[in-house]
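Okay, everyone, thanks for coming.

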Amino acid sequence: MDLLNTLVDKGLRRELPTREEALAVLATSDDDVLDVVAAAGKVRRHWFGRRVKLNYLVNLKSGLCPEDCSYCSQRLGSTAGILKYTWLKPDEASRAAAAGLAGGAKRVCLVASGRGPTDRDVDRVSETIKTIKDQNEGVEVCACLGLLSDGQAERLREAGADAYNHNLNTSESTYGDITTTHTYADRVDTVSKAHAAGLSACSGLIAGMGESDEDLVDVVFSLRALDPDSVPVNFLIPVEGTPLAKEWNLTPQRCLRILAMVRFVCPDVEVRIAGGREVHLRTMQPLALHLANSIFLGDYLTTEGQAGRADLEMIADAGFEVEGAGEVTLPEHRVAAGGGCGSHEGGCGSHESAGCGSHDGDGVCGTAAAAAPAASEPRTDLVAVRRRGAGTDLAPNA
């Protein structure tokens with residue numbers, strides 16, 4: 001297929017595909033999905049070999065969020081029966097993090113529900129970061145606390161944070177349909193603050209919220225322009241008690257095409273399969289490792305994930321290997337540029353703004369008129385509320 005050959009060549013050169021090419025990936029048929037995976041897999045292996053980076057979530061503060069993000073079980077007005085608790089103490093958070101690190105994770109993502117942190121919250125999280133770093137040598141720590149005020153990113157960086165996560169989630173044109181209590185521009189501003197403070201940029205999307213192919217391409221092109229070091233791709237977990245509980249728009253093949261499109265647009269970036277892979281990729285998760293070079297280990301913020309041991313077995317059985325703590329995730333040219341891909345010709349954009357994401361991980365050549373895929377059958381049996389780990393007396397899934 002000429003399209004795929006062209007995209008592989010561009011990916012190896014870090015050259016941006018055209019919008020039409022990105023849309024064409026999403027418009028390919030299920031008959032061609034293995035060809036798409038094979039092509040994007042060449043780009044993934046060129047930049048990241050067969051390494052898979054493991055990340056581990058620690059939900060520092062769960063539920064009772066004043067924001068109205070439609071996809072989120074922690075949102076204002078949610079009736080989902082999730083765990084609700086206030087801030088974990090630093091030692092509690094460190095013990096939770098240690099479980100993920102023992103399972104092979106090299107990055108811990110500290111997440112807290114809410115619009116954004118107060119200065120006191122930043123102090124609290126800073127203490128937690130220092131405790132985790134003191135007790136776990138070599139660990140990477142990513143903070144995900146919502147919208148940042150001036151100076152807060154710098155304080156997190158001084159405390160030892162390596163990265164900040166704040167997702168764009170969906171296209172600018174449809175953002176108001178998903179969230180009304182803050183704007184797309186607010187998210188971009190937080191990403192900019194994090195990047196300016198020298199934090200590694202992590203920002204991604206949520207797929208499966210009823211968006212069009214054009215919306216998906218728009219948000220991924222916007223992410224490339226922001227130049228993140230990592231792009232988490234969430235697949236909506238339709239949790240009962242949230243406005244999007246009935247949105248079952250994804251098939252495993254659709255998920256693979258989305259991941260392939262992200263890889264072609266962001267070839268040398270850490271692409272992470274985030275929330276919802278077990279729900280929507282199901283038995284085809286191993287194929288997704290040919291596209292993404294990073295996953296979350298164990299459970300998510302408010303829902304259960306695949307058993308940590310099963311994650312490790314899946315990686316090994318698929319012929320991949322867990323990335324070691326001493327290995328550098330990003331390609332050399334991105335590390336040399338200070339973590340991002342800088343302003344190199346044909347690269348991932350400029351350093352004007354970039355960032356990671358918020359508490360969204362729980363849940364991110366054809367034509368513009370391409371038909372939407374048939375809805376997937378609901379698999380509510382695969383959606384289970386987390387009842388273990390952080391905020392409970394039970395051992396975490398790691």
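So, the second largest cavity: about 90 Å³ of space lies in there. Keep in mind that this is a predicted model. What lines that second largest cavity? There are 14 residues around it, and the ones nearest its centre are Tyr-56, Leu-57, Tyr-300, Arg-386 and Ala-390. If you sort the lining by class, you get eight nonpolar residues, three polar ones and three charged ones. And which element gives the most to that lining? That would be strand β1, residues 51-61, which puts in four residues.

Next, let's look at some rings. How many aromatic pairs does the count come to?

Find Phe-320: the charged end of Arg-50 sits over its ring, 4.4 Å from the ring centre.

Now for some backbone. As a bit of background, most residues other than glycine have a negative phi. Here are two with a positive value. Arg-14 has a phi near 60°, and you'll find Arg-14 in the loop between α1 (2-12) and α2 (19-27). Is Arg-14 buried or exposed? Its relative accessibility is 19%, so Arg-14 counts as buried, given that the cut-off for buried is under 20%.

The other one is Asn-169, with phi near 75°. Asn-169 is in a loop too, the one between β4 (163-165) and α7 (175-178). With a relative accessible area of 1%, Asn-169 is buried.

Last stop, another asparagine. Where is Asn-234? In strand β7, which covers residues 230-235. Asn-234 has a relative accessibility of 1%, so this residue counts as buried as well. And what does its side chain reach? The side chain of Asn-234 gets to the backbone nitrogen of Gly-275, at 3.0 Å.

Definitions and conventions: Residues numbered from 1 in each chain as written. Predicted model: local features only at pLDDT ≥ 70, side-chain atom pairs only at ≥ 80, totals over all residues. Heavy atoms only, no water. Lys NZ or Arg CZ within 6 Å of the ring centre and 35° of its normal. Buried < 20%, exposed > 50% of the residue type's maximum accessible area, 1.4 Å probe, protein only. 1 Å grid on protein atoms, 1.4 Å probe; cavity = no way out; pocket = protein on both sides within 12 Å on 5 of 7 lines; lining within 4 Å. Points joined across faces, edges and corners; volume = space filled by probe spheres on them. Nonpolar A, V, L, I, M, F, W, Y, C, P; charged D, E, K, R; others polar. Polar contact = N/O pair within 3.5 Å; in protein donor to acceptor, adjacent residues only side chain to side chain.
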